[in-house]
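Look at the whole chain before turning to its parts.

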Amino acid sequence: MRKPKVIVSHDVDHLFPKEHYFRDLIYPKLWVKSILKLLHHDIGLTSFAKRMASPFEERRHRIPEIIEFDREYGVPSTFFFGVSQGLGMSYFTDECVETVRYVQDNGFDVGVHGIAFDDAGTIAEEHERFLALTGLNDFGIRTHYVRMAEESLALFEKAGYRFDTSIFDRQRINFKKPFRVGAMWEFPLHIMDGYIVFDGKLESAKQVTLEAIREAEQICVPYITLLFHDYQFDDSLFPDQCAWYKWAIRYFNDNEYGFISYQDAIKELEEGI
Ligand SMILES: [Zn+2]
């Protein structure tokens, strides 16, 4: 029996602090949450001070750092970038050009972090905008906050996406196999950082992850899909989240699960390997 391979992705919700100034409430919310977490002893003083000061840091993304880590472990991860704004993702397309190119130049895949999910016109616009930005024509999508409507998959397929990876069960880790939607592939998302690892709860996050991996093996899914937000890849700002990601990747690596990109997984599925 083949072990499932692991598909890793990173949703790029934030690039720089200034994109949030007067555009959204990301930082006021972070301040309030950080005070409550300090009071509950879920975060230490270092993380607290860093989070309070984070509106003034040079950048909020941690793409160079996570690329270095992923490369060390041979993880061909995919970075999803927004080409519209909404729900705390506030950078404009011209503000992400350089970063998208940086990821591509480093040999990693990029895709759309979609805002549109139920309207054919805006879905097609996002697809067009990303095509113009990257010159690619075979990229995938994950929606911001994994928002989906009944018709989303059909609309993504019609817009020309190669794959979607937004189907997600908020109640429990739910291993579903990839399936076709016309010319498009759907890779349901299984493990998302925000639903697994919480401040001050690293050990229970590891246990939940190990149990999930065992379940994935029992039901023989070919791929485990895992999402980690790059902005949390920082030992002092998000110690538990960052430690969980490093631990998970090393666990998969040490136990020889093997990592694969969405694009190569599609090749495997279509060639029936
Ligand atoms: Zn997002």
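Two strands are said to pair if DSSP finds at least two bridges between them. In this predicted model, strand 3 (residues 109-114) and strand 4 (residues 140-143) are joined by 3 bridges and run in the parallel sense. One of the residues involved is His113, whose bridge partner in strand 4 is Arg142. In general, the strands of a sheet pair through backbone hydrogen bonds, and the pairing is either parallel or antiparallel.

Next come the helices. Two packed helices are described by the angle between their axes and the distance between the axes. Helix 1 (residues 26-39) packs against helix 2 (residues 45-53) at an angle of about 170°, and their axes are 9 Å apart. Because of that angle, helix 1 is roughly antiparallel to helix 2. Helix 1 makes the contact with Leu30, Trp31, Ser34 and Leu38, and helix 2 with Phe48, Arg51 and Met52. Of these residues, 5 are nonpolar, 1 is polar and 1 is charged.

Finally, consider the chain as a whole. The chain has 10 helices and 9 strands. Its radius of gyration is 18 Å, close to the 19 Å that the globule rule gives for 273 residues, so the chain is as compact as a globular protein of that length. Buried residues make up 40% of the 273 residues. Among contacts between residues at least 6 apart in sequence, 76% join residues at least 24 apart.

Note on methods. Residues numbered from 1 in each chain as written. Predicted model: local features only at pLDDT ≥ 70, side-chain atom pairs only at ≥ 80, totals over all residues. Helix = DSSP H or I, 4+ residues; strand = E, 2+ residues; numbered from the N terminus. Axes fitted to C-alpha atoms, helices over the stretch in contact; angles between N-to-C directions. Parallel < 35°, antiparallel > 145°, perpendicular 65-115°, else oblique. Contact = placed C-beta atoms within 7 Å. Nonpolar A, V, L, I, M, F, W, Y, C, P; charged D, E, K, R; others polar. Rg over C-alpha atoms; globule rule 2.2 N^0.38 Å. Buried ≥ 20, exposed ≤ 12 C-beta atoms within 10 Å, placed from the backbone.
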